[in-house]
Amino acid sequence: MKYQSQKVALAYFSVAMGLFAIQVLGGLLAGWIYVSPNTLSEILPFNVVRMIHTNALIVWLLLGFFGAAYFLVPEEAERELFSVKLAYLQLAILVIGTLGAVVSYLVGIHGGREFLEQPLWVKFGILVAAVIFLVNISLTALAGRKTAITNILLAGLWLLCLLWVFAFINPDNLGLDKMYWWYIVHLWVEGTWELVMAAILGYLMLKLTGVDREVIEKWLYVIVATALFSGILGTGHHFYWIGLPGYWQWIGSIFSTMEVIPFFAMMSFAFVMVWKGRRNHPNKAALLWSLGASTVAFFGAGVWGFLHTLHGVNYFTHGTQITAAHGHLAFYGAYVALNLAMFTYAMPMLLGRAPYNQWLNMTSFWLMTTGMAFMTFTLTFAGTVQVHMQRVIGDYYMDVQDQLAMFYMIRFGSGAMVVLGALLFIYSLAAVRKSAPAAHAVGEAA
């Protein structure tokens with residue numbers, strides 16, 4: 001770690017990991033409710049559990065992105081952060097907003113729009129925090145060295161924050177409501193977040209492999225160009241059945257098919273950089289998470305997304321467990337694993353110690369990845385059965401759900417494996433080993 005202001009990232013990463021634990025535990029409870037629907041139904045209804053699960057996911061991923069920016073931008077810009085106090089103020093606003101949203105959900109106060117259920121005052125708090133972040137990180141970058149990694153990261157984060165304005169637009173017309181809703185949900189995860197992912201992955205490859213910056217930058221520009229070209233009009237695959245004009249079925253099918261390209265490029269980029277690299281970096285766990293993130297993202301977002309993106313197929317599959325399979329694997333690979341890669345790389349330096357549990361960290365990777373793979377395959381098979389029984393034969397929804405009980409049991413077991421891996425990951429970074437094999441901090445750039 002070269003700059004003292006980078007330490008602000010530790011607070012962001014710590015809060016993010018706390019929310020990560022809440023998120024996966026909430027997901028496990030939701031998975032059990034699928035098996036035993038009356039569990040805690042009077043105290044904690046399923047819709048509230050699901051809101052906590054999905055909102056915690058989004059918030060901790062955003063905290064990870066913000067923390068990654070506060071960690072890498074000073075190093076890329078070769079100067080201290082513009083204001084550490086502003087960074088902590090932003091974190092405090094986000095934490096208060098998160099707690100306020102959870103309390104609101106528990107007492108039945110929410111907006112009712114999936115992923116955007118936050119009360120209005122929380123939405124405004126998030127907007128204020130976003131403005132603080134953009135001012136802080138932009139002034140830091142503009143005053144220092146400009147690099148492709150910083151430029152792409154800032155572009156992604158600026159667009160991410162600006163798109164949040166659509167959270168305040170809630171027209172009475174349901175078709176328009178869903179259109180604006182997808183401007184956030186799709187253009188975040190299949191647009192701006194891909195830019196953030198590319199920038200963070202490029203930074204990790206630069207530090208972990210030692211490949212020349214010029215080579216990494218050329219790859220990043222190709223990845224970003226394909227991500228924006230396919231992702232923006234690829235929004236059309238969400239416009240098939242919400243009342244928008246029929247031409248979106250063709251635009252969505254064509255461009256969302258191309259969304260496989262940037263994820264394949266990111267996976268190829270990571271492996272080529274490791275193959276070309278000349279550095280035997282001591283932080284093997286960070287390298288494993290980086291390669292795993294790009295690989296699982298390709299399969300989850302790319303392959304599983306393509307499986308049901310064509311409008312003729314999506315007519316039968318939308319809203320089934322196939323969608324859940326795609327969503328879980330895509331989020332895990334593209335953004336969860338990437339954030340965990342960044343935590344694994346940065347936290348030993350932020351904590352100033354070598355004795356961290358690298359073997360446990362890598363074990364957590366295989367536990368989580370294996371559990372998520374089983375969950376994805378299980379939900380894919382469940383969704384296939386659901387499509388046939390419900391959409392082809394025409395059986396009643398609840399009758400079909402009864403036939404999927406075995407799949408839900410397997411999904412719960414897979415979720416338990418993911419939770420075990422997540423808790424092991426947090427322990428591996430938080431706990432200090434009693435014996436240190438090396439004197440320097442693992443992950444320190446050579």
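Buried means under 20% relative accessible area, exposed means over 50%, and partly exposed is in between (1.4 Å probe, protein chains only). With 51% relative accessibility, Val 392 therefore counts as exposed. Val 392 sits in helix α13; helices here are DSSP runs (H or I, at least four residues), numbered from the N terminus.

A quick note on the source: this is a predicted model, where local features need pLDDT of at least 70, side-chain atom pairs count only at pLDDT 80 or more, and totals for chains, interfaces and linings use all residues. Residues are numbered from 1 along each chain as its sequence is written, and side-chain values use heavy atoms, leaving out hydrogens and water.

Now for the rings. Searching the whole structure turns up 38 aromatic pairs. Rings of Phe, Tyr and Trp (its six-membered ring) pair if their centres lie within 6.5 Å; planes under 30 degrees apart count as stacked, over 60 as edge-to-face and the rest as tilted. Phe 166 and Tyr 180 are stacked, because their centres are 5.9 Å apart and their planes are at 20°. Phe 166 is in the loop between α5 (148-163) and α6 (174-209) while Tyr 180 is in helix α6, so this pair ties together parts 14 residues apart in sequence.

Next come Tyr 203 and Tyr 345: with centres 6.1 Å apart and planes at 85°, the pair is edge-to-face. This one links distant parts of the chain, 142 residues apart, with Tyr 203 in helix α6 and Tyr 345 in helix α12 (residues 321-351).

| Residue | Relative accessibility | Class |
|---|---|---|
| Phe 166 | 22% | partly exposed |
| Tyr 180 | 23% | partly exposed |
| Tyr 203 | 0% | buried |
| Tyr 345 | 1% | buried |

Methods
Helix = DSSP H or I, 4+ residues; strand = E, 2+ residues; numbered from the N terminus.
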